[in-house]
Amino acid sequence: MAPLIALIGGFVVLRLLGVAGVDALDAWQPALRGGLALMFVVTGVVHFYPPAMRRDLIAMVPPGLPRPGLLVTVTGVLELAGAIALLIPRLAPFAAAGLALLMLAMFPANVSAARRSRTLGGRPVTPLPQRTALQVLFVAAAVAAGV
């Protein structure tokens with residue numbers, strides 16, 4: 001739920017700043033990029049801290065994939081780098097496309113975690129139907145931010 005709150009909350013606050021006179025945010029796309037960047041900072045940081053959350057993410061990696069700890073580290077770095085690149089207008093379309101592809105690539109881990117009844121932060125992972133709807137929303141937001 002935190003990623004959705006970060007995306008929507010970040011977008012709304014940044015869009016309101018645009019309406020209030022911040023020229024760089026006076027359009028929906030820069031505000032959306034900022035909301036996505038906030039979302040990916042939130043999701044990227046938990047790949048590293050707190051340690052219990054990192055352990056949960058490692059446990060979510062499907063059993064057939066090698067080096068789950070390394071995969072969690074790499075995806076966390078990509079999310080944080082993508083968040084930064086979303087805020088650089090020249091790089092934003094490429095970052096948005098890369099992050100959309102990353103989310104699609106990571107979705108099987110979410111499916112696997114839901115099917116294996118994993119927890120994240122001490123709570124059950126989001127059930128698959130809701131997670132699928134969120135994933136569609138997140139990928140659509142990335143695509144919209146990149147066009």
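Modeller: Helix 5 bends by about 35° at methionine 106. The bend at a residue is the angle between axes fitted to the seven residues ending there and the seven starting there. A proline, proline 108, follows within four residues. Helices here are DSSP runs of H or I, at least four residues, and strands are runs of E, at least two, numbered from the N terminus.

This is a predicted model: local features need pLDDT of at least 70, side-chain atom pairs count only at pLDDT 80 or more, and totals for chains, interfaces and linings use all residues. Residues are numbered from 1 along each chain as its sequence is written, and side-chain values use heavy atoms, without hydrogens and water.

Now the length. Just after helix 5, serine 117 takes a positive phi of about 55°.

Next, the setting. The protein chain has 6 helices and 2 strands. From the N terminus on, the order is α-α-α-α-α-β-β-α. The C-alpha trace spans about 50 × 25 × 25 Å along its principal axes. With 147 residues, a compact globule would have a radius of gyration near 15 Å, and the protein chain has 15 Å, which agrees. That radius is taken over C-alpha atoms, and the globule rule is 2.2 Å times the number of residues to the power 0.38.
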